[in-house]
Amino acid sequence: TVRKRWRASQCLYGEFQLNGKQYCVNNGKWYVVDQNYVAAINDSYERVPISSLNFHTFSAGQREADYNKLLAEQDQSSRILMDAKNIPYGGGRSKIELCDVLLTDGSFVHVKVYSGSSALSHLFNQGYVSSQLVRSDPIFVKKAQEKIEEVNPGLDFTLSRESVKEVVFGIVSNDDREKPALPFFSKITLEETRKRLESMGIRMSIRAIKRESPSNPESAD
């Protein structure tokens, strides 16, 4: 068995400000970011719309899969649970997840528990890739439709290239604010995602999902 080794410094991720400058570390590499660029990215993020979707609280100890299931069950006449319902595409073992919860009004909802910039960047890219495939590849649309009918055979819904109207990102965090506090690298990825989606005429929105704090057993009666 071949064992891979890496330096502890390669596990470093984060960002901070010092003497008016923005510094970021990603995969152990340090960056100093131009302040004009920082301001432009932060300003763009402030303009990202907050989703109007009513996300319920994420319970303490809950799994993403269980949360998505409950989110879909809030309205089974218009919501389809697509979490982990992977669609074979691209040959080999390659599979694509359409979204976590699909709304028949054209909202493709992607949910992720905040765990760092790499996980969020993957989420944002996933939102773009699935939407781009729906808009551009009839073969993918056909396979996605088959998966939708497998998941919810009683729902009258036909996926087409025009079905995707809005991509919604729900970020589970401890934030009390409606818009989550994202790491700078994630804001960059989100901005690129927004531009790509808008070029296809697709809206993008984001919302913080409040995570319930674990109860303190010592305070119980």
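Which residue is the bridge partner of Val111 in strand 9? The partner of Val111 is Gly170.

## Basis of the model

The structure is a predicted model, in which local features need pLDDT of at least 70, side-chain atom pairs count only at pLDDT 80 or more, and totals for chains, interfaces and linings use all residues. Residues are numbered from 1 along each chain as its sequence is written, and side-chain values use heavy atoms, with hydrogens and water left out.

Helices (H or I, at least four residues) and strands (E, at least two) are DSSP runs, numbered from the N terminus.

An open sheet is formed by 5 strands in the order 4-7-8-9-10, with mixed pairing; two strands pair if DSSP finds at least two bridges between them. Strand 4 (79–81) and strand 10 are the edge strands, each pairing on one side only. Neighbouring strands of the sheet are turned by 20° against each other on average, direction ignored. Axes here are lines fitted to C-alpha atoms, for helices over the stretch in contact, and angles run from 0 to 180 degrees between N-to-C directions. Helix 2 (residues 64–73) packs on the sheet and touches strand 4, strand 7, strand 8 and strand 10; its direction makes about 150° with that of strand 8. Contact means heavy atoms within 4.5 Å.

Of the 7 residues of strand 8 (residues 107–113), 6 are buried. Buried means under 20% relative accessible area, exposed over 50%, and partly exposed in between (1.4 Å probe, protein chains only).

Strand 7 (residues 101–103) runs antiparallel to strand 8 and is joined to it by 2 bridges; Leu102 stands opposite Phe108. The hairpin of these strands has 3 residues between them, and Gly106 takes a positive phi near 100° there. With strand 9, strand 8 runs parallel, and 7 bridges join the two. His110 stands opposite Phe169 in strand 9.

## Helix 1

Does the length of helix 1 agree or disagree with expectation? The expected span of a helix is 1.5 Å times one less than its number of residues. For the 12 residues of helix 1 (residues 35–46) this should give 16 Å, and the end C-alpha atoms are 16 Å apart, which agrees.

The buried residues of helix 1 are Val38, Ile41, Ser44 and Tyr45. Because these residues cover an arc of only 135° around the axis, they lie on the same side of helix 1; the arc is that of the directions from the helix axis to the C-beta atoms. The face turned away from the buried side carries the exposed residues Asn36 and Glu46.

## Nonpolar cores

A nonpolar core is a set of buried Ala, Val, Leu, Ile, Met, Phe, Trp, Tyr and Cys residues joined through side-chain atoms within 4.5 Å. The largest has 34 residues, and Leu98, Leu102, Phe169 and Leu190 have the most contacts inside it. Among the elements that give two or more residues to this core are helix 4 (138–151), strand 9 (166–173) and helix 5 (184–199), while helix 3 gives the most, with 6 residues. A second, separate core of 15 residues includes Phe58, Tyr67, Ala72 and Leu81.

Leaving aside neighbours within four places in sequence, Leu190 is in contact with Tyr45, Val48, Phe124, Phe169, Leu182, Met204 and Ile206.

## Pro88

Pro88 lies in strand 5 (residues 87–88) and is partly exposed, with a relative accessible area of 44%. Pro88 and Ala144 are 56 residues apart in sequence and 9.0 Å apart in space, C-alpha to C-alpha.
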